[in-house]
Amino acid sequence: MAVFISLEEAAALVKDGDTIWVNAFAACASPIDLNKALTKRFRETGSPRHLSVYSAFSFSDWREDSDVEGYICEGAVDKVVVGHFASLVSTCKAIMENKVEGYNLPGGVMSHMIRAAARGAKSLFSKTGLNLFVDPRNGGQYRLNERSKEELVTLAEEDGELGLLYKIPKVNIAFIKASFADERGNISFQNECASIDALSVAQATHRNGGKVIVQVARIVNNNMLPKTVNVPSALVDAVVVVPKQQQLTNMDGFYDFICGQYVPRGSIMKACREEIRSAIGSVNRRTSLHSAIAKRAVREIKPGNIVNIGIGIPELVAEEVLDSGMLEQVHLSVESGHTGGFPLGAQGFGVAIGPDSMMDMSRQFDFYEGGGLDLCCVGALQIDGRGNVNGHYTKGKLSGIGGFANITQTTKKVVFCLTFTSHGLEGEFDGKNVHIAKEGTIQKFVPEVTSLSFSVDNALQNGQEVLYITERCVFRLGENGLILTEVAPGVDVERDILAKLPFEVEVAEKLEEMTF
């Protein structure tokens, strides 16, 4: 049965050499107070040391001097393995400065790894990542600096099929944030916007004889209904009560429409969007050219489609779906476990307003990897002439693959949303015509992508339909590479497109006008 202790006592349970799994998805369910307590202990005592930290997605608060990840940056941690680094600002800096080992694995693979760890597996076979940056044949690019020499991924074969074998760690500390605990230590996520992989993390840690530590807002005085318990007390070692813990990282207040207690519709949904966006922040640097991309992308979504919405410009696609009245006709989803409702962007990514359902993240990735998605809208940093995409790696900046590989490798229709150039691109979209006033300094279409996040070889083998939508034109993936199929009114094909590509591209016999 769980014991009820202070944050200081919880931090003291971590020993030298432990492996911690932090259950979090950016702003969702992040145990920031447990992490801050560990930072405080390390700064005061110099202990613990030689830790390894795993998390399928980032768990900090986007601050350079954050106490959430302070123990990682100051020497307590030897190794960090994370799927997406978005909010881990100082950890990214420590990795890039070669102060700590850093590894980046697909977030969905990590979700499945911890579930497999719960049954005692030492490795996970997966086809996700094959031919991509994590594939050992591509030089082990999941190792992020010179210190990072461990082989976490190997090529393997199972039932005659080639795949990747991911090494599963032996986790002995679980950091989990939830809403309530009862007097026995049963755990509920009632006020959380996602449970992520809390049950799997607890099961795996308990199996290894480790410590499952959960922070909650309060204790309820009666036993909970069994169906409302996400993690049973049998798996919980310690509960810490943090009355003022935040529902979302970096956001005060409680919102019933992001945890499923209230499901808004129609104009009320839009009001809820504005309410929470004022607290979290909206999509950055939104321009009319970005809107053109989103308006063209939303035309690919059909009634009844199950759709994943990614980070960046794709967030505007969700806005278009809501504002056009399509939201009740489609099923938008996010890898954190939501289906239905309206997914948030920016620092609220992973949260949904009024979702129809919430499930464990590993279950969501089961569905994604099984080809269940009809369509996904994702961003892109680089595209080569064959159609390969780098969606996660920028030199001098660490972001991570997140769920990108799991999603794009199996979705029936993949829609990449990007500007033709970036950093300085100026122009105007008036609802029909596009005018390019000044090109950006960074080229998105390149002779060769820096890192492989999406492989054309995989797409052709899987029979996927792939589009690349920019503010000025649309490309489709053909057998031999990109095919220019649509051009926006106001754009000159030769001057604004072909002359700016570093490779030859096929032009469709019937070049269509891009409509929005």
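Here are some notes on helix packing, salt bridges and nonpolar cores in this predicted model.

1. Ground rules. Residues are numbered from 1 along each chain as its sequence is written, and side-chain values use heavy atoms, with hydrogens and water left out.

2. The H7–H9 pair. Helix H7 (residues 266–280) packs against helix H9 (residues 314–323) at an angle of about 145°, and the axes are 10 Å apart. The axes are lines fitted to C-alpha atoms, for helices over the stretch in contact, with angles running from 0 to 180 degrees between N-to-C directions. The crossing of H7 and H9 is left-handed (the near helix is turned anticlockwise from the far one by less than a right angle).

3. What sits between them. From H7, Met269, Lys270, Arg273 and Arg277 meet Glu319, Leu322 and Asp323 of H9; contact means heavy atoms within 4.5 Å. By class, that contact has two nonpolar, no polar and five charged residues. For the classes, Ala, Val, Leu, Ile, Met, Phe, Trp, Tyr, Cys and Pro count as nonpolar, Asp, Glu, Lys and Arg as charged, and the others, Gly among them, as polar.

4. How enclosed is H9, and why? Nine of its 10 residues are buried, so H9 is largely enclosed by the rest of the structure. Buried means under 20% relative accessible area, exposed over 50%, and partly exposed in between (1.4 Å probe, protein chains only). Among the buried residues of H9 are Pro314, Leu316, Glu319 and Glu320. After H9 comes Gly325, with a positive phi near 85°.

5. Salt bridges. The count comes to 28, taking a side-chain nitrogen of Lys or Arg within 4 Å of a carboxyl oxygen of Asp or Glu. One of them joins Asp366 to Arg115, with the closest N and O atoms 2.8 Å apart. This pair links helix H10 (residues 361–369), which holds Asp366, with helix H5 (residues 107–118), which holds Arg115, across 251 residues. Asp366 is partly exposed at 30% relative accessible area, and Arg115 is partly exposed at 28%.

6. Glu300 is in the loop between helix H8 (288–298) and strand S15 (306–309) while Lys413 is in strand S26 (residues 413–417), so the pair ties together parts 113 residues apart in sequence. Both Glu300 and Lys413 are buried. A network of salt bridges links Arg296, Glu300, Lys413, Glu465, Arg476 and Glu486.

7. Cores. A nonpolar core is a set of buried Ala, Val, Leu, Ile, Met, Phe, Trp, Tyr and Cys residues joined through side-chain atoms within 4.5 Å. In the largest, of 134 residues, Ile187, Ile276, Phe416, Tyr468 and Phe475 touch the most other members. H5 gives the most to this core, with seven residues. A second, separate core of 35 residues includes Ile32, Ala37, Leu51 and Phe59. Leaving aside neighbours within four places in sequence, Ile276 is in contact with residues including Leu248, Met251, Tyr255 and Phe257.

Note on methods: Predicted model: local features only at pLDDT ≥ 70, side-chain atom pairs only at ≥ 80, totals over all residues. Helix = DSSP H or I, 4+ residues; strand = E, 2+ residues; numbered from the N terminus.
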